[in-house]
Amino acid sequence: MVNAGSTGGVGGCDIGLGVAVGFFGLGAGYFVWGGQALFDFPKASPDVNRTMGMWGFWMPGFLQFITGVYLIVGLTWFDVFGNAAPLYMAGLAFTAYGIHWFAMAHRRYIGSSSAPDAWIAIAFLFLSVLGVDVFFKAGDTTVMLIFVGLTLIYLVEIPTRFLSWSTGGRLVGLLQLATGIWLMYCTYATVIRLAVGGKA
């Protein structure tokens, strides 16, 4: 469907290049936010939080959002992707996660409380589990593993926010970084296959 190995089967380059933008955006966000949470570098400060907010808004926020809208419009308005049913899940996820990152980035930029994130994390846990289920049934292990990473992130995020669990913040950072590495692999593999016909 949208992974590196099967992109060409349901829309070719159009889907692959669009999805690679979303993969890269979320991966970049997880490198920046996950790395800072795991290694505590740079140290949190109002200036650092504003910079983190800007990166969160533009990379995982904007790049996922435009990918999601691109997929939804292509699937519903113009029917340009053919028989690509799992793309409905991808369109929903990219759009929802993009808007989620807009909110988190703005919250961090203005320095407001992260405690309510515990509740929204429950909704995104359900969305992540749905993604695992859809892509497992579609036989797309590559993308399914992204949703496994997202599921683990939100499973840890919920008690971390509810209980103010300091170790949980570092564990979330570790899971974000690991998922970010997998997203960069997905980006690399998709672009290599489309650009030069190679396989990763």
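**View 1. Lining of the largest cavity by residue class.** The lining of the largest cavity comprises 13 nonpolar residues, one polar residue and no charged residue (Ala, Val, Leu, Ile, Met, Phe, Trp, Tyr, Cys and Pro count as nonpolar, Asp, Glu, Lys and Arg as charged, and the others, Gly among them, as polar). The model is predicted: local features need pLDDT of at least 70 and side-chain atom pairs pLDDT 80 or more, whereas totals for chains, interfaces and linings use all residues. Residues are numbered from 1 along each chain as its sequence is written, and side-chain values use heavy atoms, without hydrogens and water.

**View 2. Centre of the largest cavity.** This cavity holds about 120 Å³ of space (on a 1 Å grid over the protein atoms alone, a cavity is a set of points where a 1.4 Å probe fits but cannot get out, and lining residues have an atom within 4 Å of a point). Of its 14 lining residues, Phe-23, Ala-93, Phe-94, Ile-146 and Phe-147 lie nearest the centre. Helices α1, α3 and α5 each give two or more residues to the lining (helices are DSSP runs, H or I, of at least four residues, numbered from the N terminus).

**View 3. The largest pocket.** The largest pocket has a volume of about 550 Å³ (a pocket is an open set with protein on both sides within 12 Å along at least five of seven lines; a volume is the space filled by probe spheres set on the points). Its 26 lining residues include Trp-33, Ala-37, Arg-108, Arg-161 and Gly-169, the closest to its centre. By class, this lining has 11 nonpolar, eight polar and seven charged residues.
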